[in-house]
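Good morning, and thank you for coming. Please look first at the sequence and the structure, and then I shall go through selected features.

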Amino acid sequence: MPIYKAPVQDFKFLIEHFLELENHQDMPGVAAAKELVTPLLEASAQLCEEVLFPLNRVGDQQGLKYENGKVITPEGFKEAYKTYCEGGWPTLTWPAEYGGQDLPEFLNMPMLEMVCSANLSFGLTPGLTHGAIHALLLHGSEEQKKTYLPNMISGKWSGVMCLTEPVAGTDLGLIKTRAEPNADGSYKITGTKIFISAGEQDQSENIIHLVLARLPDAPKGTKGISLFLVPKFIPDAAGNHATRNGFSCASIEHKMGIHASPTCVMNYDGATGWLVGAPHRGLPAMFTMMNTARLYVGVQGLGVGEAAYQNALVYAKDRLQGRALTGTKFPEKPADPITVHPDVRRMLYTMKSFCEGARALTLMVALHIDIAHRHPDATKRQEADDFVQLMTPILKSSLTDGGFDTASTAMQVFGGYGYIEEYGASQYLRDARIAMIYEGTNGIQAMDLVGRKLPYETGRYLKAFFHPLDAFIAEHRNNPAMAEFTKPLKAHMKYLQQASLWVGAMGLANPNHAGAGAVEYQKMFALVVYAYLWAKQAEIALRMLSSPPLPEGIDREFLEAKLATARFYFAKILPGTTSLLASITAGADPVMAEGL
Ligand SMILES: Cc1cc2nc3c(=O)[nH]c(=O)nc-3n(C[C@H](O)[C@H](O)[C@H](O)COP(=O)(O)OP(=O)(O)OC[C@H]3O[C@@H](n4cnc5c(N)ncnc54)[C@H](O)[C@@H]3O)c2cc1C
C-alpha cells in the first residue's frame, strides 16, 4: 500500500533558515509568521496524511459519476472538502477584509505541496478557486468583490476558469463564446467550453465560472476577448445563492489520470454573466489568474513527485535482489536490498535532488511574491516581481517535467511491481502527466521565457536572477569548504549566459532559432537555478554542522543527507547544461528541415 509522510523537517529548514527571513523583518507579517511555522506545518501534515491521502486511491479507483448534468465525486471527497474548509485552509493568504488571514505566501506553499502529494485530484478544486479569487481581487468591481469573495475565500463557493473551446486551446484568439449585453447591465453568455476542471461538482454550494467570451463589437483575435463572471447560482440581494443560471455540464471526460477531478464540457445557453474589468481586456485579467495558477500547477508536479519518491525509497530499502558489486552487504539475508546497487541509488538521488531543489524554488518564489506585494520599499517590490516574472515559466515547466520524470523513475525502482496498479506507482505517473500540458503547455512556457522574459527591457528580468547568483558566488569565494559548489556554479552560470546571448541575438535574426531551442534553454536555465538553490542549501548545512548545537527541529543526519544530495546534484545532474547548450546553438535548421 502506498504511504505519504509530509516532509516537515525540510519545510522547517527551508522556511526558518534558507529563506533568511531575518533580512525581511521590515516586511509586515514576517515576524508574526515565524511563530506560526511549526503549528501550521504540523496541522497541515496531519490533515494531508490522515484525511486527504487515504482518499487518493479511492478517488483513482472509484472515479466520478455523471448523472443528468450532475457530477458526483468519489466516496469521502465531499466530507474531506468540508473538513478542509472548516479548518480555514482556503483562507490563509487572503485579505482579512474578505475573511482571509492575511498570511504570507511562504506559509501557504507547504500546504499546497502537501495537498498535491496526498491527493492531487482533491487539490484541483481549491487550487482553481485560489486563482479565481486572485483575478477578482485584482480586476473585479467593489460590488463583485463584496458579493463573491467572502464565500469563495471560505470555500463555501468555488471558482473555475473557462478558457478552452474545441477550436481554441493554446490560441485563445480563436474563442467563439459570445456575450450580448442585457438591458440591466448584465450579459447573455452563449457557447461551449471544454476541459473545464471542476466546472461542475458536488463539494461547494455554488460554482463561480470566470468565462472568456467576445462582445458583439469585439476586434478579432486576443484583443477582442472579455472576462465574465458567471455563477452557477445567481445570488440575491442578501447574498443567498437563489436562481439557477442558464448553463449546464453536458458530460465529463474519461482520462488517463486525476480520476477524481471532473473535467467538464460546459454549455452556456444564454447564461447571465457580468463583465470583470474593462471590455476586450479579458486576456490580461485572465493572465493574472493564470500566473498564480502556473505556479500552483508547478507545485502539483513537485507534490506528486515527492509522493512517488517516498514510496520508491521505502520499497527499495525493502526489496531484496542480487548482491552489491563490491561484495555481499547482508549475508544473513537471501540477497541485498536493491539500495546497494549504484544504478538504484542514482535513481533515488535523482528523485531526491529534484524534490528538495524544487521545494526550495517554490519557497523562494513564494517569498518573492510576498516581497512584491508587501514590502514598504518600492525598489525591493519591483526587483522581487522581476524575479517572479522570470521564474514563473521555469518553475511551472521544471517542476512538472521533473514531477513526471520522478514518477516514472519511481516506477522503474519498483520494477514490474511499479506497473501493477495496487502498488500505487502507476497512479502517480498517470496523475503527474497532465501538469505538463495544462496552464500553458511546457512548450508554451518556453516561448514565454525566450519571447517575453529574456528580451524584456534588454535583460531586466535576467538580472533578477544573475545578480543574486553573482553576489552569492562572490560572498563565498574565500570559503574553501564551498569551493566544490561555487566553482562549478560559476562555470555553469557562464554557459547559461552564453546560451542567453545566443538565443537573444540569433532569435532576433530568425525567430525560429529561438523557438527551436526554447525548451532546451528553459531546461538549461532550470539546471542552473537548482544549482544555485543547492549551493545555498549546502552552505547552510556546512555552517550548521561546523557550529553546533544544531537548531531546534534539525538533526545531523538530515544535514549530512542535504550535503550528499547537493554533491550528487553538482556531479551528476548539473553537467547536463553542456549538452543542452550544444543543442540550443544547433539552431533551427535541424528542426525546420523538410522530412516530416
Ligand atoms: C485534464 C484537463 C484539465 C483542464 N482544465 C482546464 C480548465 O480548467 N480550464 C480551461 O480553460 N482549460 C483546461 N484544460 C485545457 C488545457 O489548458 C489545454 O488542453 C492546453 O492549454 C493545451 O491546449 P490544446 O489541448 O488545445 O492543445 P493545442 O493548443 O492544440 O496544442 C497542441 C501542441 O501544439 C503546441 N503549440 C500550440 N501552439 C503553439 C505555439 N504557438 N508555439 C509552439 N507550440 C505550440 C502545444 O505546446 C502542444 O504541444 C484542461 C485540459 C485537461 C486535459
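I begin with a definition: a residue is called buried when its relative accessible area is under 20%, exposed when it is over 50%, and partly exposed in between, with a 1.4 Å probe and protein chains only. The areas come from the Shrake-Rupley method with that 1.4 Å probe, and for residues only the protein chains shown count as cover. F558, with a relative accessible area of 13%, is therefore buried.

Before I continue, a word on the source. This is a predicted model, in which local features need pLDDT of at least 70 and side-chain atom pairs count only at pLDDT 80 or more, while totals for chains, interfaces and linings use all residues. Residues are numbered from 1 along each chain as its sequence is written, and side-chain values use heavy atoms, with hydrogens and water left out.

F558 belongs to helix α16, residues 556–573; helices (H or I, at least four residues) and strands (E, at least two) are DSSP runs, numbered from the N terminus. Between F558 and R381 there are 177 residues in sequence and 34 Å in space, C-alpha to C-alpha. The loop between α15 (511–546) and α16 contains P549, and the peptide bond from P548 to P549 is cis, with omega near 5°.

Let me turn to the ligand. Which residues are closest to the ligand? They are T164, T170, F195, S197 and T441, within a surrounding set of 17 residues; a residue counts as near if one of its heavy atoms lies within 4 Å. By class, this shell has 9 nonpolar, 6 polar and 2 charged residues. Here Ala, Val, Leu, Ile, Met, Phe, Trp, Tyr, Cys and Pro count as nonpolar, Asp, Glu, Lys and Arg as charged, and the others, Gly among them, as polar. Strands β3 (157–162) and β5 (187–197) each supply at least two residues of the shell, and β5 gives the most, with 3 residues.

Polar contacts, meaning pairs of N or O atoms within 3.5 Å, follow. A polar side-chain atom of T170 is 2.5 Å from an oxygen atom of the ligand. In the side chain of S197, an N or O atom lies 2.8 Å from a nitrogen atom of the ligand. For M161, a backbone N or O atom is 2.9 Å from a ligand nitrogen atom. Of the 970 Å² of accessible area that the ligand has on its own, the protein covers 60%.

Finally, the aromatic rings. Rings of Phe, Tyr and Trp (its six-membered ring) pair if their centres lie within 6.5 Å, and the count comes to 22 aromatic pairs. One aromatic cluster is formed by F465, F466, F472, Y521, F525 and Y532. A charge sits over a ring if NZ of Lys or CZ of Arg is within 6 Å of the ring centre and within 35 degrees of the ring normal. R244 lies over the face of F233, at 5.7 Å from the ring centre, and the charged end of K536 sits over the ring of F18, 5.9 Å from its centre.

Key: Phe/Tyr/Trp six-rings, centres within 6.5 Å; stacked < 30°, edge-to-face > 60°. Polar contact = N/O pair within 3.5 Å; in protein donor to acceptor, adjacent residues only side chain to side chain.
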